[in-house]
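Please consider the following structure together with its sequence.

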Amino acid sequence: MKPFLFALMTIVPIVSAIQVMASEPMKTVGLIENVRVDPGGLIFSAKLDTGADHSSVNAHAVHRFKRRGVRWVRFQLISGDGKTVSLERELVRLASIKRPGGKKQKRPVVMLTICLGNVSREVQVNLVDRSRFNYKMLIGRSFMRDALLVDPSLKFTVEPQCPQRQTE
Amino acid sequence: MKRFPILAAIIAALLCAHPSAAEKLVVGWIEEISIRPGGPVLAAKVDTGADNTSIDARNITVMERDGRKFLRFRVDNRNGHTVEIEREQVGIEIVPRHDGQFEERPLVVLEICLGNECRNTLVNLADRSRLKYAMLLGRSFMLDRVVVNPSLHYTAKPRK
């Protein structure tokens, strides 16, 4: 019985992983794509940046606070068309950003769910003032891993088509 | 254009080449590239977020020859070796910095090969001494030819 159970526990995840890979081949998308960010449901025109470990989004009025001993962040997300949502999320960490020739910055990182095409993932997102940049969101490699390829010659190849997020 | 004939040639070459999606080379986000002639090999970050291409150039010396400006510089390949490269300066790139200031970087043309894809590329000379990879390969190299798989690295063999 025991070896059988062990074999089952080993084989089932492997087989299901293979099925997932077979049914969801890596998709090639463009440099700029519309994505949806939840909670809030804002749509951002985002740049897919293979040089970035993690994603970042345009956030204003960022305040850190403590709730029952846990570190939280209160912030506003502002999309390219000026739509705004106010959110509170648990702080995951403070990221140090290295700049060529610049000084180090600390940025709050929170978990947000990004939907690009039919790929939906909750990933770490840096909260940054990106108001002076064309694209208010950058998608980093942690979102793209094992799911997406980037063709830098293409733009707007897909629209966000993920099932709406369940309530928390 | 009179001042920068090489620049004009690159733009003309760009306008002629449009391979279809199926022919595009798929590479990882870190790749070894070679620079021709001479073939020094460097690890480069393949960065769809970067417009242009830069190289970590140290000890830049300027030489005038027949009224033209040449630059000699050294590149640390992060492997215990330093290579020396000399090219004509074809222009200046004005790079916005994150602190709101601007930086002027000299531009040269390097023939960069990633796998079998070789392309004369405008490269700005930058101080990347604090960064892990000596070269940043931007979209100026990738356009119409390269697709990036951010889940892979070191997929292409550098061509000599």
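What percentage of the 160 residues of chain B count as buried? In this predicted model, the share of chain B that counts as buried is 31% of its 160 residues. Chain B is built from 12 strands and 2 helices. Followed along the sequence, these elements give the pattern α-β-β-β-β-β-β-β-β-β-β-β-α-β. Contacts in chain B can also be sorted by separation in sequence: among those between residues at least 6 apart, 59% join residues at least 24 apart.

The contact between the two chains comes next. Chain A contributes 23 residues to this contact, and chain B contributes 27 residues. On the side of chain B that touches chain A, at least two residues each come from strand S3 (41-46), helix H2 (139-142) and strand S12 (146-148) of chain B. Sorted by class, that side of chain B holds 12 nonpolar, 10 charged and 5 polar residues.

The interior may be considered last. In soluble globular proteins, nonpolar side chains tend to be buried together. Here the largest nonpolar core has 63 residues, of which Val35(A) and Ile139(A) touch the most other members. The element of chain A that gives the most to this core is strand S7 (residues 105-116), with 6 residues. Leaving aside residues up to four places away in sequence, Val35(A) touches Ile139(A) itself, along with Phe44(A), Ala46(A), Ile114(A), Cys115(A), Leu116(A), Met137(A) and Pro160(A).

How values were computed
Residues numbered from 1 in each chain as written. Chains lettered and ligands numbered in written order. Predicted model: local features only at pLDDT ≥ 70, side-chain atom pairs only at ≥ 80, totals over all residues. Contact = placed C-beta atoms within 7 Å. Helix = DSSP H or I, 4+ residues; strand = E, 2+ residues; numbered from the N terminus. Nonpolar A, V, L, I, M, F, W, Y, C, P; charged D, E, K, R; others polar. Buried ≥ 20, exposed ≤ 12 C-beta atoms within 10 Å, placed from the backbone. Core = buried A, V, L, I, M, F, W, Y, C linked by C-beta atoms within 7 Å.
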